Amino acid sequence: MLELQRKVADFGLHLTVIELIPISDRVKLGLRGRDEEIDHFCQTVRNLGHAGIRVMAYNWMVGFTWFRTSVATPVRGDALSTAYNHEVMQNLPPAALGEIHPEQLWAGLEYFLQAVVPVAEESGVQLAIHPDDPPLSPVRGVPRILTSPMALQRVIDLVPSEANGLTFCQGCFGEMGVDVPTYIRHFGKQRKIFFAHFRNIRGTAEDFVETFHDDGQLDMFEAMQAYHEIGFAGPMRPDHAPTMEGESNENPGYAVQGRILAIGYMRGLLEAIEKSKLIKMGAD
Ligand SMILES: [Mn+2]
């Protein structure tokens with residue numbers, strides 16, 4: 001972590017967030033042997049604090065994480081994008097995980113947070129849970145619990161702490177079919193957005209495609225305005241973007257050019273919002 005931090009510092013930047021430090025299904029399902037793993041996890045949190053990495057993103061999906069039924073759906077300009085269709089997904093064989101009850105996942109999460117949150121508080125690290133993607137349950141026979149704004153509020157309320165909050169993944173909230181800016185404000189006012197995933201989609205949780213950031217159904221200007229309004233100052237990154245014509249599609253969702261386009265678009269939105277506010281203030 002220190003090595004990574006140094007590398008980033010060489011470019012005049014500071015590493016603020018780490019994503020996807022794995023948490024095993026044993027911990028998530030509350031099975032025997034979890035305590036030793038949770039101890040290791042606590043040590044990781046302390047190490048993050050020592051390395052000055054202030055945010056840690058994680059998720060509570062078991063069996064498999066974010067999942068798409070296509071990684072080559074054509075979108076604008078013959079770019080290839082990731083898409084999800086629940087009917088296709090349900091035709092796949094169920095994941096062989098045995099019987100799981102959603103409350104088992106909740107109990108596992110509460111136990112985990114009770115152990116880790118105090119360590120995160122001491123270490124100055126924020127734990128930022130990511131919604132389930134797609135926000136549907138079950139998926140291939142596996143229950144998912146973080147599929148609605150209410151469920152994410154429940155996580156916050158399980159162990160109230162300044163170290164317990166969210167990775168606000170706009171794509172997932174878009175898939176949920178709720179008004180994204182409303183929930184940026186809802187969680188932002190509670191100071192619970194620790195990390196933001198800027199993403200756009202078209203469709204519903206059951207059938208959607210991930211689009212270029214300026215080409216989906218979400219109002220990205222309004223979303224950025226909501227972050228601005230709540231005074232969000234944490235890290236934000238473009239989440240998945242399509243793979244452009246001529247680029248390799250070996251890492252779907254994370255090819256470079258679509259994400260560069262997204263970063264420029266994000267900076268443009270932010271500048272437009274900041275300047276229009278100044279103009280308004282001048283006019284008043
Ligand atoms: Mn995300």
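1. The crossing of α3 and α5 is right-handed. Helices here are DSSP runs (H or I, at least four residues), numbered from the N terminus.

2. On provenance: this is a predicted model, where local features need pLDDT of at least 70, side-chain atom pairs count only at pLDDT 80 or more, and totals for chains, interfaces and linings use all residues. Residues are numbered from 1 along each chain as its sequence is written, and side-chain values use heavy atoms, with hydrogens and water left out.

3. Geometry of the α3/α5 pair. Helix α3 spans residues 34-50 and helix α5 residues 102-123. Their axes lie 9 Å apart, and the packing angle is about 30 degrees. Axes are lines fitted to C-alpha atoms over the stretch in contact, with angles from 0 to 180 degrees between N-to-C directions. α3 and α5 are therefore roughly parallel (angles under 35 degrees).

4. Contents of that interface. Contact means heavy atoms within 4.5 Å. From α3 come Arg34, Asp35, Ile38, Phe41, Cys42, Val45, Arg46 and Gly49. They meet Gly108, Tyr111, Phe112, Ala115, Val116, Val119, Ala120 and Ser123 of α5. The contact of α3 with α5 holds 10 nonpolar, 3 polar and 3 charged residues. Ala, Val, Leu, Ile, Met, Phe, Trp, Tyr, Cys and Pro count as nonpolar, Asp, Glu, Lys and Arg as charged, and the others, Gly among them, as polar.

5. A second pair: α6 (residues 149-158) and α8 (residues 180-189). Their axes come within 12 Å and cross at roughly 10 degrees. That makes α6 roughly parallel to α8. Pro149, Leu152, Gln153 and Ile156 in α6 meet Tyr183, His186 and Phe187 in α8. This contact has 5 nonpolar, 2 polar and no charged residues.

6. The largest nonpolar core has 72 residues. Such a core is a set of buried Ala, Val, Leu, Ile, Met, Phe, Trp, Tyr and Cys residues joined through side-chain atoms within 4.5 Å. Buried means under 20% relative accessible area (1.4 Å probe, protein chains only). Tyr58, Trp60, Leu109, Phe112 and Leu113 have the most contacts inside the core. Helix α5 gives the largest share, 9 residues.

7. Two neighbours in sequence. Leu109 touches Tyr58, Trp60, Ile129, Ile145, Val155 and Leu158, not counting residues up to four places away in sequence. Glu110, in α5, is partly exposed at 30% relative accessible area (between 20% and 50%).

Key. Helix = DSSP H or I, 4+ residues; strand = E, 2+ residues; numbered from the N terminus. Parallel < 35°, antiparallel > 145°, perpendicular 65-115°, else oblique. Left-handed = near helix turned anticlockwise from the far one by under 90°.
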